[in-house]
Amino acid sequence: MKLLEERIQKDGVVKAGGVLKVDSFLNHQMDVDLFDAMAEEWKRLFANRPINKILTIEASGIGIACIAARHFHVPVVFAKKAKSINIDGEVYATQIHSFTHGREYEVIVSRKYIGPEDHVLILDDFLANGCALEGLMSLVKDAGAVVEGVGIAIEKGFQRGGDRIRATGVQVESLAIVDSMDEKTGLIRFRTKE
Ligand code: 5GP
């Protein structure tokens, strides 16, 4: 998506260890008009899917998912990072390894908000090694629901999560795929769509 790629070029900052900082428009300060354009694009890409719920993960996914929900007209559920179980009733739970923090954490979703009747679009800000996404997909599977697709704002294509998950047959639509980035020069190259 041209608009997002241009914004990453303009305002993204390449950090050590393969981290791209996009705090000024995506995951600290949020450009809601940009989110709206991203949502429109996901709506177009998943037009044929019978999506009745959006699932994301706190915190950065929530803003993106809520704006997307204005286009899909479905509820948003976000997986909570749980230190202690502080949610009513029973939950689905899974462990996720954090790329940015280098540790394991548990995420939960209440059984009340996802079940066998659900056709889920998973949305998140970043896709790197794919651990966050695999965790969310396993929650959906545990609930007996269907993953209709995955929408990602920025995929780092040089980490292999996206390729691995696409190979399982899941429709993964990343709006910008970074194929390489150079910490010294700040140069960011995007994958061109075939
Ligand atoms: P994965 O589980 O795919 O390795 O990483 C996905 C999660 O890590 C995302 O939800 C995102 O919060 C975080 N993340 C991974 N890489 C980056 C990055 O380069 N920049 C930022 N800001 N977050 C990242």
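On a 1 Å grid over the protein atoms alone, a pocket is an open set of points where a 1.4 Å probe fits, with protein on both sides within 12 Å along at least five of seven lines; lining residues have an atom within 4 Å of a point. The structure is a predicted model, in which local features need pLDDT of at least 70 and side-chain atom pairs count only at pLDDT 80 or more, while totals for chains, interfaces and linings use all residues. Residues are numbered from 1 along each chain as its sequence is written, and side-chain values use heavy atoms, with hydrogens and water left out. Helices (H or I, at least four residues) and strands (E, at least two) are DSSP runs numbered from the N terminus.

**Largest pocket**

- The lining of the largest pocket comprises 37 residues, and those nearest its centre are Lys81, Ser98, Thr100, His101 and Asp125.
- Strand β7 gives the most to this lining, with five residues.
- The volume of the largest pocket is about 870 Å³, counted as the space filled by probe spheres set on the grid points, which are joined across faces, edges and corners.

**The sheet**

- An open sheet with mixed pairing is formed by eight strands in the order β5-β6-β4-β3-β7-β8-β9-β10; two strands pair if DSSP finds at least two bridges between them.
- Strands β5 (91–97) and β10 stand at the edges with a single partner strand each, so one side of each has no neighbour in the sheet.
- Strand β7 (residues 119–127) runs parallel to β8, and eight bridges join the two.
- Isoleucine 122 has valine 150 in β8 opposite.

**Helix α1**

- Leu4, Glu5, Arg7 and Ile8 are buried in helix α1 (residues 2–11); buried means under 20% relative accessible area, exposed over 50%, and partly exposed in between, for a 1.4 Å probe and protein chains only.
- These buried residues fall within an arc of 160° seen down the axis of α1, so they line one face of the helix; the arc is that of the directions from the helix axis to the C-beta atoms.
- Lys2 and Lys10 are exposed on the face of α1 turned away from its buried side.
- The buried residues of α1 are covered by elements including α3 (32–45), β8 (146–156) and β9 (172–181), where contact means heavy atoms within 4.5 Å.

**Two backbone details**

- Glutamate 58 and alanine 59 are joined by a cis peptide bond, with omega about 0°; alanine 59 is in the loop between β3 (53–57) and α4 (60–72).
- Histidine 73, in the loop between α4 and β4 (76–82), has a positive phi near 55° in a residue other than glycine.
- Histidine 73 counts as exposed because its relative accessibility is 67%.
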